[in-house]
Amino acid sequence: MADNSLRLFGFEISRSKSAEQEDKKLKSIVPKIDDDGAGYVTSSGAHYGQYIDIHGDQSKDNSTLIHKYRGVAMHPEVDAALEDIVNESIVGTDDAPIEVQLDKLEVSDKIKTLISDEFKTILQMLKFNELGHDIFKRWYVDGRIVYHLVVNESTMKNGIADIRPIDSAKIRKVKEVKKKKDPQTGANIIEATNEYYIYQEKPGQQNSGVKLTNDSVVYITSGLLDSGRKSVVSHLHKALKPINQLRMMEDSLVIYRLARAPERRIFYVDIGNLPKGKAEEYMKDLMSKYRNKLVYDASTGAIKDDRKHMSMLEDFWMPRREGGRGTEVSSLPGGSNLGEIDDIIYFQKRLYRSLNVPVNRLEQESQFSLGRSTEINRDEIKFQKFIDRLRKRFSMVFREILKKQLVLKGIITEDDWDQMYNDIQFNYSKDNHFSELKDSEVLRERLQTMDMAEQYVGEYFSKEWVMKNILMFSDDDIKDMGINPDEEPEPEEDEEQQQQEPQQDNEEQ
């Protein structure tokens, strides 16, 4: 365990004493639950490493597990799925892939302008317009992303000077929990919680590391935890077992094809009345001329054979004593079911399902086509909802950096941020044609329904009811459009009455 006497590296934002006193008044037997997977260190001392074993994968800590995810991400099927997910989440256009939305924020226009300018500055420091694709992919694969916020401590009011990425395999979050026994109930009440980060250039060393302050680090996870809810896992975690099974099946299939595809020779050698020693020597002399050892390398898929003999595989050599049929060479037929790969296809589809990507996107036979929303399968709708959840989670990176930038520059206080937290939204550029087709089809159906109900407006339905229940307008939508829902349409005169009026005028004349 790291030495707690080490000085914390990085800056700290001062909190108001009233807020700290309010936190101390809140009594609980457990610390605040969050999804950062931080290890806990109690006052009595404990180890804060995470240990996890997934189907034989001995990943004793986060560093080993992260490297496991990175190895899985290099598999061709997984890489194709990652490209689809990242391309849908971060759209590469000439405009900014993400913008801050402040319409719901109830502050002055000056503050809104300052917030927008600081957000653009953060995007520039992250180089998000150029590296957004790589940043999002790194967060998705590792299951977390870490940044070190560098400031000039002599001029902290100038805000963040630089944002530097930290390898997520070299850092982990730690929480020191101080407990106090309640004299009335005997329960251990959480008295204080101290959070910091441990950075190690070589993970796993117990007596080395740098402690970083909580404010100087931005640490955003995938939000997924293991079954014990103690360790953060990546979205690729559930694909570990399918990818290992697929690799084994592919390798075994190649080995079986090489072993059973060619016809192997069987040598029946007549050794006459030679003694055992001489017979073995005679057999080995013949085998050295024709025998070949073919080795398959599963890591590279290559076949190793340094001697380059004529034979493709090992042959069978059978000695015969005098009185037999003499020397004979025959062949062993190859396998007959070499074209069956149903088991490979099964594990491949299982892998696709574990990656949250529609199977038809990863199959080479499928072609992309734009049609009506009724022709879009359910997997595409689920995939778009999955992308929306990823974007919302990833937005916490910008939210945390923006918060610390605004507080450091004195534009707002932490109390102000708590009030405006939910009103600051982020809009991503969209490029999902299936989502657009679905929205246009829904609007078309609503307009057709409104046309059928139009003749009953004012008699059976009110104008407000039609706007809210058929067109699905909200009160804000109605207000923005300047529509008065209380204004009823004027009843149209019947055709018979319109025809009777000219006749009456003619009779009078």
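Colleague: Let's start with a strand. In E14, which residue is the bridge partner of Gly272?
Modeller: That is Arg321. Keep in mind that this is a predicted model.

Colleague: How do E11 and E14 pair, in the parallel or the antiparallel sense?
Modeller: Parallel. Strand E11, residues 264-272, and E14 pair over six bridges.

Colleague: What is the strand order in that sheet?
Modeller: The order is E14-E11-E15. The sheet is open, has three strands and shows mixed pairing.

Colleague: Which are the edge strands?
Modeller: E14 (316-321) and E15 (328-332). Each of them pairs on one side only. On average, neighbouring strands of this sheet are turned by 25° against each other, direction ignored.

Colleague: New topic: helix H8. What span should its 13 residues have?
Modeller: At 1.5 Å a residue, residues 342-354 should span 18 Å. The end C-alpha atoms are 19 Å apart, which agrees.

Colleague: Which residues of H8 are buried?
Modeller: Ile344, Phe347, Leu351, Tyr352 and Ser354. They cover an arc of only 160° around the axis, so they sit on the same side of H8.

Colleague: And which are exposed on the other side?
Modeller: Asp342 and Arg353.

Colleague: What do the buried residues of H8 pack against?
Modeller: Three helices: H3 (76-89), H6 (240-260) and H9 (359-362).

Colleague: What comes just after H8?
Modeller: Asn356 does, with a positive phi of about 65°.

Colleague: On to charges. How many salt bridges are there?
Modeller: The count comes to 13. One of them joins Glu83 and Lys137, with the closest N and O atoms 3.4 Å apart. Glu83 lies in H3 and Lys137 in H5 (residues 128-142), so the pair ties together parts 54 residues apart in sequence.

Colleague: Is Glu83 buried, or partly exposed?
Modeller: Partly exposed, at a relative accessible area of 25%.

Colleague: Which residue does Lys403 meet in a salt bridge?
Modeller: Glu414, at 3.3 Å from N to O. Lys403 is in H10 (residues 378-408) and Glu414 in H11 (residues 414-420), so this pair ties together parts 11 residues apart in sequence.

Colleague: Why does Lys403 count as buried?
Modeller: Because its relative accessible area is 17%, and buried means under 20%. Glu414 is buried too, with 18%.

Colleague: Last one. Which residues are linked in a network of salt bridges?
Modeller: Arg70, Asp142 and Asp167.

How values were computed. Residues are numbered from 1 along each chain as its sequence is written. This is a predicted model: local features need pLDDT of at least 70, side-chain atom pairs count only at pLDDT 80 or more; totals for chains, interfaces and linings use all residues. Side-chain values use heavy atoms; hydrogens and water are left out. Helices (H or I, at least four residues) and strands (E, at least two) are DSSP runs, numbered from the N terminus. The expected span of a helix is 1.5 Å times one less than its number of residues. Buried means under 20% relative accessible area, exposed over 50%, partly exposed in between (1.4 Å probe, protein chains only). The arc is that of the directions from the helix axis to the C-beta atoms. Contact means heavy atoms within 4.5 Å. Two strands pair if DSSP finds at least two bridges between them. Axes are lines fitted to C-alpha atoms, for helices over the stretch in contact, and angles run from 0 to 180 degrees between N-to-C directions. A salt bridge is a side-chain nitrogen of Lys or Arg within 4 Å of a carboxyl oxygen of Asp or Glu.
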